[in-house]
Amino acid sequence: MKTKILAIATALLSLPVFTGCIQEYEPQSSTVTIDQAADAPGSFDNFVNTLTSSLGGQFTYSGDDQYPWDFGYTSFFLQRDVMGQDIALANDGSWYSSWYACSRALGPTYAVCQLPWTYYYGWIKNCNTVIQMAGPEPAADKVAGAGLAYAMRAMFYLDIVRMYAPETYGKNLDAPTVTKVTEDASIDVSHNPRMTNKEAYEFILSDLDKAEEYLANYQRTDVYTPDLSVVYGLKARAYLTMEDWANAEKYAKLAQQGYTMLTESEWTSRTNGFNSPNGAWMFAYKFNSDDPNLRNNDGDSSWASHMIIEMSPETNGCGYAANYGYPMLIDRHLYETIPATDYRKNVFVDFAIDELGSEDDKLEALAKYSDHPDWIYTCGYTNTASTYGMVGGLEVKFRPVNGDGTAPLAQAGAVSVPLMRVEEMKLIEIEAAGMQDLARGKQLLEAFAKTRDPQYEYGKHNEAYGNASTSAFQNEVWWQRRVELWGEGFATFDIKRLSKGIIRNYAGTNHFEGYLWNSDTTPQWMTLCIVGTEADYNYDLVNNPTPVAPTEDSPLHVW
């Protein structure tokens, strides 16, 4: 990929879609031919395996390596997170600029707009196939497979409901979400209006109830397949968004059973940091070295290419983050609000290092973060494509396999990525408890925070971000979520759920000019448009308005 001209990335993302890019994944064709599917020996188990194996590693959208964000489920983490303020891009040539910059490519006639619709309804189609093959009363050998399909379908719908609904369940029960496509072949897909929030969450919870029943006795062999704890975790996520605090607390507590929170050594490990399952990970996805995303194009079209900066420029030389000048950065203000006594701060490079005089001084300081400070130095200062020219804000939360960035990206980038952690469940429990009983919530919050920062003091992380949409307590929990779950795909969901705005323009900001936007309300671009070709087939579909980017930078915000 380094032979391509990165400056044209945004233009490529804005290519018009005159017809459906991958029609077999469009909702209007997502029913299954069960007789065909069931004939092959072992077909049911093969379809069940596809529920999770299809989450990444393939060029599912385009079929080839032309789009480096085309690597599956975890790419949507970054698409959502860069829409806010907590991830800053190093420059506007990033492949994630469309989402960060509210590009016209987010409109319904462009390729980027079809990306989530293609992926998510493709995954939903896989779930529908398994559910239909299992039947309404699954046989004993199909019960677990059906349970997995119901759990995964609920997870996918929960994601896209929050991505496409202009308002969340807790704010507007009647807000439109997405179209409902199930195993029922009688659905008239040409007249299939979007579900309301109320309808969508009833559907999601119904699927989770079935998953809970069918997975009651299921024992998985690893965290790459969901089990009952993940079903509880999905219920906790749903009830949190619904603002059903009692049930959110109940299921978050159930989900935590059998797991332990990450320790400091695990959080900051230079060999296994956020690349390998541990006692805190409830559900995960693993990239494999023979995946097309890692095998082709020098591995540049992969999660690791965008999120791992510890890659040797001498023996590896690949990766958008490490060697091409396009790393993901933590927002400077968020970084500066993390106390020095909070060990999570140690996976983000201190902005003060950029003020040091000599290269030797900087390399010595960078040794705090990596066994290869010269690679971090190269990432920030000497990449020819980089316009950032700093190391402050670089992240080493996500490490290469075994911490070995000298290996080719196909090996070093064959990492696991958490899709659900026990810490998320703990924070849901805390918020839900506090919304019922403030004193109890504060007690739980302090206990959690002190596992990360022994000197934590309640009340120092409750900035309203331009509005008073939530209480000081919820702001404190939100801050913990922003730090704990940084880069794991929750930023936009929380901003919409809490009716927050964003702040990118302030003294010392590391967001770049032209996109220094501040807003007291949730930005319109966080509500995705439905691809226009879908409306061509579905006559009852009413789309969301095309987001419009601000025309100029906002005045400086004063904290």
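Leaving aside its neighbours within four places in sequence, which residues is Glu476 in contact with?

Mentor: This is a predicted model, in which local features need pLDDT of at least 70 and side-chain atom pairs count only at pLDDT 80 or more, while totals for chains, interfaces and linings use all residues. Residues are numbered from 1 along each chain as its sequence is written, and side-chain values use heavy atoms, with hydrogens and water left out.

Apart from neighbours within four places in sequence, Glu476 is in contact with Leu445, Tyr456, Tyr458, Gly459, Lys460, His461 and Asn462, where contact means heavy atoms within 4.5 Å. Glu476 itself belongs to helix α20, residues 472–484; helices (H or I, at least four residues) and strands (E, at least two) are DSSP runs, numbered from the N terminus. Glu476 is buried and yet has no salt bridge. Buried means under 20% relative accessible area, exposed over 50%, and partly exposed in between, with a 1.4 Å probe and protein chains only. A salt bridge requires a side-chain nitrogen of Lys or Arg within 4 Å of a carboxyl oxygen of Asp or Glu. For Glu476, the nearest side chain of opposite charge is that of Lys442, 9.1 Å away; here Lys and Arg count as positive and Asp and Glu as negative, with His and the chain ends not counted. The side chain of Glu476 does reach the backbone nitrogen of Lys460, at 2.9 Å.

Elsewhere, charged side chains are paired: the structure holds 27 salt bridges. One of them joins Asp207 to Arg153, with the closest N and O atoms 2.7 Å apart. Asp207 lies in helix α8 (residues 197–214) and Arg153 in helix α7 (residues 143–164), so this pair ties together parts that are 54 residues apart in sequence. Both Asp207 and Arg153 are buried.

A further salt bridge links Lys171 and Glu243, whose closest N and O atoms are 2.7 Å apart. Because Lys171 sits in the loop between α7 and β2 (176–179) and Glu243 in the loop between α9 (228–242) and α10 (245–255), the pair ties together parts 72 residues apart in sequence. Lys171 is partly exposed at 38% relative accessibility, and Glu243 is partly exposed at 28%.

In the salt bridge of Lys235 with Glu212, the closest N and O atoms are 2.6 Å apart. This pair links helix α9, which holds Lys235, to helix α8, which holds Glu212, across 23 residues. Lys235 is buried, with a relative accessible area of 1%, whereas Glu212 counts as partly exposed at 22%. Salt bridges that share partners also join Asp342, Arg344, Lys397, Arg421, Glu423, Arg452, Glu484 and Glu488 into one network.

Burial can also be followed along a whole helix. In α16 (residues 373–382), 7 of the 10 residues are buried, namely Pro373, Trp375, Ile376, Tyr377, Thr378, Cys379 and Gly380. What covers these buried residues includes α15 (359–366).

Terms used. A polar contact is a pair of N or O atoms within 3.5 Å; within protein, one must be able to donate a hydrogen and the other to accept it, and residues adjacent in sequence count only if both atoms are side-chain atoms.
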